[in-house]
Amino acid sequence: MRSACVCLQVLLLLSGLSRAQPLLLPGSCNFELGTCGYTSDPDYGNWSMNEEGHLISIDSASLRGQEQAVLLSPSLDHQDWSCVRLVYQITGRGSLQLHLRPDSDNFDYRLWKAHKASDSWLIASVDLPNSTARYQILLEGRPEPGPNNSVAIYEIHIHPGYCLECNFEEHHLCGYGNSWNPNVNWYVGGTTAADLLPNQLNQTSSHQRGHHMYVDSMYVKHFQEVAKLTSPMTTAPMAGCLTFYYYRDQERGNMFSVYTRDQLGHYEEIWRPKVYTTPSWTLVGIDIKAPHPLEVVFEVAFNSPKGGCVAIDDISFSPEFCHTDTGETALVPAAGGETSPTKIKLPPAEPTVDPSVANCDFDNGLCLYHQERVESKVWSRVAVNPNAYRMGDHTTGTGCFLLANMRFTSTPGYVGRLHGPYLAGNHKYCVRFYYLLQAFRKVDNALILYIYDENNVAVEKVWSLAHNSKSVWTQVEITFMKPMLTKLVFASICRNFWECGLVAIDDITVSLGDCQITAGSLPGQCDFESGLCGYFQDMLEDKADWLRVRGQTPTSYTGPRGDHTTGVGYFMYIEASTMRPGHKARLLTSDLRGSSSPQCLVFYFHMYGSGSGILSVLLREGGRRRESLLWRRRGEQGIGWMRAMVDYHCDVRHQIIFEAIRGPSLRSDIAIDDVEFKRGPCEDPGDVAPFSGFNEYFNEIE
């Protein structure tokens, strides 16, 4: 006999079912009667409506030499969080991207991309965070050259709320996917009175026969056969309370769990029930933080064909945290034996996990770090004025950092430990920091990173410095996870100064998640690691080019020894030995739209060498050739990377130009790295002088 979760396997009948129509927001379109205000960007190829309606598409033949076609939505004003559900298909080779274009911003923000070809329609769910600014949605189709390559869009639906939320009343099930197993799968249930759970209706309404998802053990053939129901991947950072209702009937064994899965495929269990059987639908609240893209996976494993069943319904999300220690909340019975979905109000309480307590750039002190022995400090907080002999800090070039072993000692061996604050257990952390080493030979113990427990005992040595000095700030990334309270401890263990030399640390950051999961570069950010980010050379007005390189520049006593981003990556520079004095190289951004609000341009520059020339930042408005000077530095500035922050305001289409002019000698290499545009004005007043230097070719140290 089948279990109490017996339901019609409506996946086979889905097209014939009648579902409630969800609330749709402006910007939604099914392309039946037109394009709903969506238009093709005239600068690119044209999207075409199908003659019979119902879809809009672009193929390689109709691009006519263009690389892509861009579909623009009308201007939208959704101030609350919303979810775009996109039904699309890629035929052959090509890609489809969804961008957000906020008003008063220079850049479009890519939220989602697909390049997988399919013989059927696919569903994408993309979160749009709440915003007070109006915006447009951009859909960029890129079919590759060749026959039968096309991109089509069947439906654009914008729903209020989060993409994680679902009551399973729609045909596409909110983008939730079933990991197909021949014997056990999640099905849609609750379409007729006979298919409802005993004495209950689904949770969408206590007076309507709606739908829920269920899985049962009827066809289980092997031990621990698993069914997985997976949410859409989040596309924006989220933190709050995930709630859902579940019903569980266990005759001889099933295991029900909820996991998160990141982009690397790593699972983390976030909840499992405390009881085997629930007499009615039961409400669950789980605190969840998704700083990186995550999927939520509802997993049920059965041991035998008599393993019972599990059903879920009404998945929702709130930005207010719930209490995970309150357990499960049963529904309050109503008159007539029905179950009324009355939710007990839980006060919001954010989890105590805050990894940023371990962040520190040392510009304003030691933050929450402390040394083990106050009477014999090994670590010292120092600042170095930019000069031709000593590196400044990594943060700005003029701030503070921690330096160990800077004092000569007659002690026959010493240990300097720097202890950080405690971090909660059972969480995966990504630790990033920068170190700088100036040593006379290969060193082994000049810098070590340990993980200590709450009893002040070293649990693991997670990293140690084991190579020669590069005399450049170098990034380290460490991922760790421990079940107990832990803290970071940086140690320098040396017999004497000559063994370890000088070692420094700066810009410690700790975040949740795996270091391998990167947020990716936002538009307006470029570290030159993957290319030029749309920057290009000025072929009309310069005599030389900016070069993208890594490592040390070839001419001695000029140029950086490594990039600013990681110490071993790429940067842009001019090679003075291939230029004549006064020759210039100009690097231009692509066209920026312009903004009604101020902008802050942040970048790092390197001007080391006795013959250093001029580095300027220029603004070119519209199609005019007239340019205005925003920022300039002349002469040698120091041996390290320095940060520049430039306020500017331009509400029309424009370009930013980085112009380097060679000085009087070969020691005139100039470099830039880590360029970023932010919505201004600039917050840090550290670089308030837009211009410096009095003579283009004299050596100056400011």
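Predicted model: local features only at pLDDT ≥ 70, side-chain atom pairs only at ≥ 80, totals over all residues.
Which residue in strand 7 does Leu 96 stand opposite? Figure 1 has the answer.

Figure 1. Residues are numbered from 1 along each chain as its sequence is written, and side-chain values use heavy atoms, with hydrogens and water left out. Leu 96 stands opposite Ala 114 in strand 7. Strands here are DSSP runs of E with at least two residues, numbered from the N terminus, and two of them pair if DSSP finds at least two bridges between them. Strand 6 (residues 94–102) joins strand 7 through 5 bridges, in the antiparallel sense.

**Figure 2. Another open sheet of 5 strands, ordered 24-27-32-29-30.** The pairing here is antiparallel. Strand 24 (370–371) and strand 30 (458–464) each have a single partner strand, so one side of each is left without a neighbour in the sheet. Zoom in on strand 24 and you'll find 2 bridges to strand 27 (residues 414–423). His 370 has His 419 in strand 27 as its bridge partner.

**Figure 3. The second largest pocket, lying between domain 3 (356–512) and domain 4 (525–679).** Both domains give residues to the lining, so the pocket lies between them; the domain bounds come from an automatic or database domain assignment. A pocket is an open set of points on a 1 Å grid over the protein atoms alone, where a 1.4 Å probe fits, with protein on both sides within 12 Å along at least five of seven lines; lining residues have an atom within 4 Å of a point. This one is lined by 43 residues, with Arg 432, Tyr 434, Gln 475, Gln 525 and Thr 565 nearest its centre. Among the strands that each supply at least two lining residues are strand 28 (427–438) and strand 44 (670–679).

**Figure 4. Residues 6–19, where the pLDDT is below 50.** pLDDT is the predictor's confidence in each residue, from 0 to 100. The protein chain averages 84, and 83% of the residues score at least 70. Beyond near neighbours in sequence, residues 6–19 have 36 contacts in the model (contact means heavy atoms within 4.5 Å).

Definitions and conventions: Helix = DSSP H or I, 4+ residues; strand = E, 2+ residues; numbered from the N terminus.
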